[in-house]
Amino acid sequence: ALVSSKKIEFHEWPEGVGYRQWLKRFYRSVYAIVSKPRAVLKWLREVQTKSYAELEDDGSFESLSLVIVKWLLDMVEKKGKGPLAEKLRTKDDEFHIQGKMLTARILLKIIDEHMLPNSDMVENYDIDHVNSVKFRGNIVGFQNQWNRVLMRCRTTVDVSYKLHCYHREFL
């Protein structure tokens, strides 16, 4: 699904009770700039069923993913406030540090989980939890716990403090 030269024409930030409407308008804005909207719908909906690791591969939608990532991160800079914006910034920082390319579907999964928390996401972590995540020889386990705490942190944690806690475990 090649992206046309059009930009995403959508300038809203997701809000709690209006999230489902926001998501529908977002999808329509994306469909308007692609040549195969049905294939894009299927690709976007995988956010609900795939893990973060599986969502790192955009397949044939890499260009579209980059357009969406740019748009979402621009929205974070212009309108993003609170824990959701911080979660998106954190993920962007994490991928940058790791030298990996952040994908649209990862950002959308973060938004989806934040806006529609399910029963296994009832924890409310704080800065003490960020400080308590320890590397115990299993990098995957550490990374999963690190992400879990940051994604569900009820307070905004300064980026320099997050980097300090993260790097401390490997130095």
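Predicted model: local features only at pLDDT ≥ 70, side-chain atom pairs only at ≥ 80, totals over all residues.

**Entry 1: H1 and H3.** I began with this pair, where the axes come within 12 Å and cross at roughly 135°. That angle makes H1 oblique to H3, since only angles over 145 would count as roughly antiparallel. I noted the crossing of H1 past H3 as right-handed. Then I listed who touches whom: Trp-22, Phe-26 and Val-30 come from H1, and Leu-64, Ile-68, Trp-71 and Leu-72 come from H3. Sorting this contact by class gave me seven nonpolar residues, with no polar and no charged ones.

**Entry 2: H1 and H5.** Next I turned to the other partner of H1. Its axis and that of H5 lie 11 Å apart, and the two helices pack at an angle of about 160°. That makes H1 roughly antiparallel to H5, because the angle is over 145. I wrote this crossing down as left-handed. On the H1 side I found Tyr-19, Trp-22, Leu-23 and Phe-26, and on the H5 side Leu-108, Ile-111, Asp-112 and Met-115. How many of the residues in the contact of H1 with H5 are charged? I get one charged, seven nonpolar and no polar.

**Entry 3: H2.** Which residues of H2 are buried? In this helix, residues 37-45, I found Val-40, Trp-43 and Leu-44 buried. They sit on the same side of H2, because they cover an arc of only 95° around the axis. A reminder to myself: an α-helix has 3.6 residues a turn, so residues three or four places apart point the same way. On the face turned away from the buried side I found Arg-38 and Lys-42, both exposed. I also checked what the buried residues of H2 pack against, and got H1 (19-31), H3 (62-79) and H5 (104-115).

**Entry 4: Glu-94.** Is Glu-94 buried or exposed? Its relative accessible area is 10%, so Glu-94 counts as buried, the cut-off being under 20%. For its contacts I left aside the neighbours within four places in sequence, and was left with Gln-143 and Asn-147.

Terms used. Residues numbered from 1 in each chain as written. Heavy atoms only, no water. Buried < 20%, exposed > 50% of the residue type's maximum accessible area, 1.4 Å probe, protein only. Contact = heavy atoms within 4.5 Å. Helix = DSSP H or I, 4+ residues; strand = E, 2+ residues; numbered from the N terminus. Arc of directions from axis to C-beta. Axes fitted to C-alpha atoms, helices over the stretch in contact; angles between N-to-C directions. Parallel < 35°, antiparallel > 145°, perpendicular 65-115°, else oblique. Left-handed = near helix turned anticlockwise from the far one by under 90°. Nonpolar A, V, L, I, M, F, W, Y, C, P; charged D, E, K, R; others polar.
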